[in-house]
Amino acid sequence: AGAPSTGGGPESAPQGGEAGDELNPFKVGNKVVCVAMSNFLLALDAGSEMVWRIDLDLNAITMSCPNRLHTISFLHRRSETRHPRRNPKDMIIATVKTMVQEHENLSTLKHAFEIICFVIASSPGCPLLDGTQSPQQGSPSRSNLINSGALELEQLYEQIFESLFEDQAVELDFLFRAMETFYLCSISFHLKLPTCYFALMIDMLLAMEHFEVLTQYLSGHFFEDSCELAAKLEALGEAHYPHLSQHAVDMYFRLKEYDRCCRLLFQQGRLIDALRMLKDYHLSTIAPATFLSAAAETQDPLVYASVYRFCKEFVPGFDTLSEAQASQALLYPKGP
């Protein structure tokens with residue numbers, strides 16, 4: 001629809017025929033100048049003294065564009081404030097989600113993820129990996145891309161990957177490969193993904209019973225370390241997957257969470273390892289008496305003797321008599 005600057009507008013023009021064509025500002029031969037306003041375009045036809053207002057229908061443009069990569073790039077250049085009817089960010093998420101649901105080629109998905117990661121990394125205050133900085137501002141295409149702001153990583157996780165996983169809307173194997181592709185793209189742009197991404201990838205591998213693949217990823221430190229992820233591995237180890245407990249210990253150790261390491265080793269019955277950590281890092285997490293009590297509960301004199309000797313040799317102020325008597329009462333409740 002348009003509004004004339006002088007005279008009648010399109011609504012007063014004759015319908016159809018040559019009269020209607022004369023009022024068309026895009027008729028061949030007319031000199032029309034387009035001016036970008038805050039949220040629309042003005043088409044100025046000086047010869048006819050007409051001014052037309054042109055609003056972009058994002059949904060129509062998105063539906064008519066055969067190249068989804070071009071669609072994603074186009075939507076990133078649209079501002080939410082200029083398109084109150086349809087949120088460009090929501091449309092980007094819907095486009096990518098459809099691509100995953102329809103098993104889009106992974107190479108095409110990779111290009112889509114690269115566009116998204118590029119815009120996120122270009123935004124001020126984006127979460128970057130340690131020791132990295134945001135790329136320098138510069139090219140015009142860059143300023144156009146970041147004009148509308150970036151998607152949030154949590155938003156992508158919740159509305160695409162977690163949603164598809166919970167709804168079982170796509171095969172787990174393909175969804176995992178899509179998430180893996182997104183993670184690799186995020187690394188190339190130095191983005192730090194929230195822990196929820198890696199927690200979901202672990203859940204997928206367990207659901208598919210790809211235990212060897214999960215072990216390879218954990219051993220190779222494919223997932224970024226965090227206390228939240230280590231706690232998840234610890235919980236899984238206590239529940240149904242005991243082999244994950246060691247990966248929890250290793251991750252806690254890399255994070256320098258020595259108290260948690262010591263506690264987990266103690267819970268696993270690895271008393272000597274826990275004592276070594278207690279000694280090496282000067283921890284006060286667990287009292288020596290607790291170690292001796294745990295050793296006594298094993299009903300194994302060799303374990304008790306090893307713990308006792310370790311405490312006697314390395315624990316300052318270790319009261320041999322009182323500790324030994326208390327432990328012997330546990331080890332030999334009916335007397336020697």
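I take buried to mean under 20% relative accessible area, exposed over 50%, and partly exposed in between, with a 1.4 Å probe and protein chains only. The model is predicted, so I note that local features need pLDDT of at least 70 and side-chain atom pairs pLDDT 80 or more, while totals for chains, interfaces and linings use all residues. Residues are numbered from 1 along each chain as its sequence is written, and side-chain values use heavy atoms, without hydrogens and water.

**Entry: aromatic pairs**

I counted rings of Phe, Tyr and Trp (its six-membered ring) as paired if their centres lie within 6.5 Å; planes under 30 degrees apart are stacked, over 60 edge-to-face, and the rest tilted. The search of the whole structure returned 20 aromatic pairs. I looked up F118 and F189: the ring centres are 6.3 Å apart and the planes stand at 70°, so this pair is edge-to-face. It links distant parts of the chain, 71 residues apart, with F118 in helix α5 (residues 106-122) and F189 in the loop between α8 (172-188) and α9 (195-207). Helices here are DSSP runs of H or I with at least four residues, strands runs of E with at least two, numbered from the N terminus. F118, at 22% relative accessibility, is partly exposed; F189, at 21%, is also partly exposed. I then found F222 and F223 paired edge-to-face, at 5.6 Å centre to centre and 80° between planes. Both F222 and F223 are buried.

**Entry: helix α16**

I found that α16 (residues 301-314) has 14 residues and reaches 20 Å from first to last C-alpha, close to the 20 Å expected at 1.5 Å a residue (1.5 Å times one less than the number of residues). Its buried residues are Y304, V307, Y308, F310 and C311.

I traced an open sheet of 3 strands in the order β1-β2-β3, with antiparallel pairing; strands pair if DSSP finds at least two bridges between them. β1 and β3 stand at the edges with a single partner strand each, so one side of each lacks a neighbour in the sheet. Strands β1 (residues 32-36) and β2 (residues 41-45) share 5 bridges, and A36 has L41 as its bridge partner in β2. Another 5 bridges join β2 to β3 (residues 50-54), where L41 is partnered by I54.
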